[in-house]
Amino acid sequence: MHNPGSATPDRFAAQERFADGAQFIGGRLTKGTSGRTHAVVDPASGEEVFTYELAGVEDVDAAVAAAHAAFPGWAATTPGDRSDALHRFAAVLAERAEDFARAESLQCGKPLKLTREFDVPGTIDNTSFFAGAARHLQGQSAGEYSGDHTSYVRREPIGVVGSIAPWNYPLQMAAWKILPAVAAGNTIVLKPAEITPLTSLLFAQAATDAGIPDGVINIVTGTGKEAGERLVGHPDVAMTSFTGSTAVGKRVAEVATATVKRLHLELGGKAPFVVFDDADLEAAVNGAVAGALINTGQDCTAATRAYVQRPLYEAFVERTAALMETVRLGDPFAAGTDLGPLISHVQRDRVAGFVDRARGYARVVTGGQAPGGELAKGAYYKPTLVADAAQDSEIVQSEIFGPVLVVLPFDSDDEGIRLANDTPYGLAASAWSRDVYRANRATREIKAGCVWVNDHIPIISEMPHGGYKASGFGKDMSSYSFEEYTQIKHVMFDNTAVAAKDWHRTIFGDR
């Protein structure tokens, strides 16, 4: 199961690459002014790989000022010009793909094969998609809807967008927030998680090198309490986009409300994985292991609750456990590694706490502990399968964010769908059945922003990502997210010389 691998000397020289600082403001790297430093730690080894000066309130203000100054010029560019810039950006990203893959693996502990085949290609594809979408910022055609007046609707950029991205997919989350905003003509200040800033900084540098003007994309790397709250509450920020936990999302909403800015929230998830008794069992088992362990389970759409109809339940538990035991933990830069560490020892201990507490009321079938040996230095945790927990238990209801899958049985289709909906979350789900009518019912009745059928996890740039209920509101990716970053204006023309006089006479009478 364990495959420590060998160290790779050319991982990513973060300290050298960002010697000028970890803030990207107005087209250049600068050092933070908070007076405090922070260390980026390799979660696979526990070693510090980059130490930098955190952003303070002054840095946020400077970044917002740079974005505010750049907005009129960028908003005035044609959709075609913005499209051309984003196409150049995609080309620069493709040229630097290996650099991005290594930086992402280093700061997150993701296997290099995952960042090479998923994170980086997905980001390049997103950039290409929004390069095309930039040319489709459409209002509505003109029409005469009121007497002698012609009306039409304009779509316009909002202004400066302040975005906060999480640590689990730093590169992709930067792309999901930056690309639709700038494609629509906005400028942006992004705050990445302070523990994973490397690829966000590389992303902003690549954009500048592709010819996107200084100040359009800015990065401030600081704490949520200081830099994040200042960004969300800043009076010159017209929109806030946040991805993270539901608890923090509530705080973001509270701060944003004070300045009545537009809000976009992609929050937590607890995705159900519903297996009906006519499902292809082997496919479902493979899908469950892949869906639960993607990014070491640190994915808000990861399969976390498998509901399996009783005739398949025991076989599903047995086969899923057996397949989990073949997953190879190891050095993220080693070719044979399937699963990397969690983001930190703190997160590993949090995950372990959920499992340890569940031993009192459920069955830990496999995993349930950190590995020993060389891997003990990192934040590793074995793939874990928990069975027979109660629906109202902590491990079923709460977001764990680790390589843990909980399996519960159900009897009727009604019960399976009811249980799938029985958490506060509604980000993603999957249904497994060979019966098209059964599957179609599940897609209708499961309350989630995405429902896969006979698969779990794939996403594509052309389709939206976003949740129901406590998983937030607003969409990432697709043309739907593009619309999130625009505002609409009704324009109305008087087609005669007398309409205004007629309105005046109607309201005030003859004068």
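**Aromatic packing and nonpolar cores**

With a relative accessibility of 0%, Phe-89 counts as buried, a class defined by under 20% relative accessible area, against over 50% for exposed and partly exposed in between (1.4 Å probe, protein chains only). The structure is a predicted model, in which local features need pLDDT of at least 70 and side-chain atom pairs count only at pLDDT 80 or more, while totals for chains, interfaces and linings use all residues. Residues are numbered from 1 along each chain as its sequence is written, and side-chain values use heavy atoms, with hydrogens and water left out.

Phe-203 is likewise assigned to the buried class, at 0% relative accessibility. Aromatic pairs were defined for rings of Phe, Tyr and Trp (its six-membered ring) with centres within 6.5 Å; planes under 30 degrees apart count as stacked, over 60 as edge-to-face and the rest as tilted. The count by this rule is 12 aromatic pairs. Phe-89 and Phe-203 form a tilted pair, with 4.7 Å from centre to centre and 55° between the planes. Because Phe-89 belongs to helix H3 and Phe-203 to helix H7, this pair ties together parts that are 114 residues apart in sequence. Helices (H or I, at least four residues) and strands (E, at least two) are DSSP runs, numbered from the N terminus.

A further tilted pair joins Phe-273 and Phe-316, with ring centres 6.4 Å apart and planes at 45°. Phe-273 lies in strand S13 (residues 271-275) and Phe-316 in helix H11 (residues 310-324), so parts 43 residues apart in sequence are tied together. Phe-273 is buried at 0% relative accessibility, and Phe-316 is buried with a relative accessible area of 0%. One aromatic cluster is formed by Phe-12, Phe-18, Phe-50 and Tyr-52.

Helix H3 (residues 79-95) comprises 17 residues and reaches 25 Å from its first C-alpha to its last, close to the 24 Å expected at 1.5 Å a residue; the expected span is 1.5 Å times one less than the number of residues. Its buried residues include Leu-86, Phe-89 and Leu-93. The buried residues of H3 pack against helix H2 (57-76), helix H4 (97-108), helix H5 (112-133), H6 and helix H7 (198-209). Contact denotes heavy atoms within 4.5 Å. Not counting residues up to four places away in sequence, Phe-203 touches several residues, including Phe-89, Leu-93, Phe-100 and Ile-178.

Nonpolar cores were taken as sets of buried Ala, Val, Leu, Ile, Met, Phe, Trp, Tyr and Cys residues joined through side-chain atoms within 4.5 Å. The largest has 68 residues, and those with the most contacts inside it are Leu-86, Phe-89, Ile-178, Phe-203, Ile-212 and Ile-217. Helix H6 (residues 170-183) gives the most to this core, with 10 residues. Both domain 1 (14-266 + 466-488) and domain 2 (270-451) give residues to the core, so it lies between them. Apart from this core lies another, of 30 residues, among them Ala-279, Val-289, Leu-312 and Trp-432.

The domain bounds come from an automatic or database domain assignment. The C-alpha centres of domain 1 and domain 2 lie 30 Å apart, and 29 residues of domain 1 are in contact with 32 residues of domain 2.

Two non-glycine residues with positive phi complete the description. Asn-295 has a phi of about 55° and lies in the loop between helix H10 (281-293) and strand S14 (303-309). Met-477 has a phi of about 60° and is placed in the loop between strand S23 (472-473) and helix H16 (478-484). Asn-295 is buried at a relative accessible area of 7%, and Met-477 is buried at 2%.
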